[in-house]
Amino acid sequence: PDLDSLINLYDFEYLASQILTKQAWCYYSSAAEDEFTHRENHAAYHRIFFKPRVLVDVRQVDTSTEMLGQKVDVPFYVSATALVKLGNPQEGEKDIARGCGEGSVKCPQMISTLASCSLQEIVEAAPSKEQIQWFQLYVNADRSITDKLISDVERLGLKAIFVTVDAPSLGRREKDMQVKFSSKSAPQRMKNTSDARGASRALSTFIDPSLTWDDIIEFKKKTKLPIVIKGIQRVEDVLKAAEIGVDGVVLSNHGGRQLDFARPPIEVLAETVPILKEKHLDDKLEIFIDGGVRRGTDILKALCLGAKGVGLGRPFLYANSCYGKAGVERAVQMLTEEVEYAMRLLGVNSIKELNPELLDLSSLGSR
Ligand code: FNR
């Protein structure tokens, strides 16, 4: 169908389910075991209600904000996903770079260690040097590989490193396990990888299960770039991250693809920020969140609770797989419009006005 006929992010998902190869659909859409966390990630947003302010002049609304010291047009970003060529075999992650940078609204892009294209190709595909691209780091047991990655990331001008810590081994994604993985879309650094039980198992050999807090402290010494820990799932670990002085954390359970029955990140966020405030740690690190975000209203809820930036994974994969860079650009535009509409109806003009008093959280804990 004509791209203009699509109304929201769910339309991309439905279309992707119809046209993707079985291998791509099973890898992209799958989540761990009963997929309960995957569903709850999204459902938890439905347990938060707004308390809109009326009679506010909302002719002008401004969706811009800052993340990790950089100005950004929108409070959301494309989160890292491996193997983007499974769905877009020609252009892969390069089309995400273009879709994020060519439109009137620019959107930050996080690039996976297990990208199908090389880092250099993806950076060169970005239409502007100013475009914000971050690197998502999976740490290899051979630390010289990791050191080389960090120096490439610095040389190529990426703006931050997100170290993923929720995947000491990749989760059991049963849909994916039904499909043999052996593919031209394999990451550059893992050529000829294959596994009879799916893409996730093939990729998991790259990741070092012995990673600890001490390693994070070491990475901080190795680079001047901001370091963000991706995959924090409890308040205690946010406090630890603040203590070792990282620049941020992503509250994330990897889109429900790792430990099934991990809590929805929005619930963890609602607990975290009040505790950080109480301990005067709220300006020590930036809190990001991802998992189950599909609407502008979801984004505003997370921002009201204190998130700096909100990540989306699957929706951009689907948009890119169905329409390439035009799909990514359209998805960014859809979300931006939804954020603007919701800001007007909520009675705020700027992102910094968002706060927990605009929310009713009384149903959040109930399941
Ligand atoms: C991911 N995610 C992910 N995260 C990461 O740190 N490195 C990676 O290589 C990948 N790869 C990946 C592949 C696929 C197919 C998916 C769906 C997800 C997790 C991703 O960054 C993010 O945390 C979730 O996708 C967020 O959930 P939603 O938006 O997909 O619900």
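The following legends describe several close-up views of one predicted model.

Because this is a predicted model, local features are described at a pLDDT of at least 70 and side-chain atom pairs count only at pLDDT 80 or more, while totals for chains, interfaces and linings use all residues. Residues are numbered from 1 along each chain as its sequence is written.

**View 1. Confidence of the model.** The chain averages a pLDDT of 94, and 99% of the residues score at least 70, where pLDDT is the predictor's confidence in each residue, from 0 to 100. For the complex, the predictor gives an ipTM of 0.99 and a pTM of 0.96.

**View 2. Helix α11 and its surroundings.** Helix α11, residues 265-278, has 14 residues and reaches 20 Å from its first C-alpha to its last, close to the 20 Å expected at 1.5 Å a residue; the expected span is 1.5 Å times one less than the number of residues. Helices (H or I, at least four residues) and strands (E, at least two) are DSSP runs, numbered from the N terminus. The buried residues of α11 include Ile266, Val268, Leu269 and Leu276, and a residue is called buried if 20 or more other C-beta atoms lie within 10 Å of its own, exposed if 12 or fewer, and partly exposed in between, with C-beta atoms placed from the backbone. The buried residues of α11 pack against α3 (36-43), α10 (235-244), β11 (248-251), β12 (286-290) and α12 (296-304), where two residues are in contact if their C-beta atoms, placed from the backbone, lie within 7 Å. After α11 comes His280, whose phi is positive, near 55°.

**View 3. Helix α12.** Because 9 of the 9 residues of α12 are buried, this helix is largely enclosed by the rest of the structure. The buried residues of α12 pack against β4 (76-78), α11, β12, β13 (309-312), α14 and β14 (359-360). Just after α12, Gly306 takes a positive phi of about 110°.

**View 4. The largest nonpolar core.** A nonpolar core is a set of buried Ala, Val, Leu, Ile, Met, Phe, Trp, Tyr and Cys residues joined through C-beta atoms within 7 Å. Of the 108 residues in the largest such core, Val249, Leu269 and Ile289 touch the most other members, and the largest share of this core, 9 residues, comes from helix α14 (residues 325-346). Not counting residues up to four places away in sequence, Val249 touches Val228, Ile229, Ile232, Val238, Ala241, Leu285, Ile287 and Phe288.

**View 5. The shell around the ligand.** The ligand is surrounded by 24 residues, the closest being Ser79, Ser112, Thr164, Gly255 and Gly313; a residue is counted if its C-beta atom, placed from the backbone, lies within 6 Å of the molecule. The elements that give two or more residues to this shell are α2 (22-29) and α13 (314-323).

**View 6. Two loop residues with positive phi.** Most residues other than glycine have a negative phi. Leu55, in the loop between β1 (49-50) and β2 (65-67), has a positive phi near 55°, and Leu55 is exposed because 6 other C-beta atoms lie within 10 Å. His254, in the loop between β11 and α11, has a positive phi near 65°, and His254 counts as buried because it has 27 C-beta neighbours inside 10 Å.
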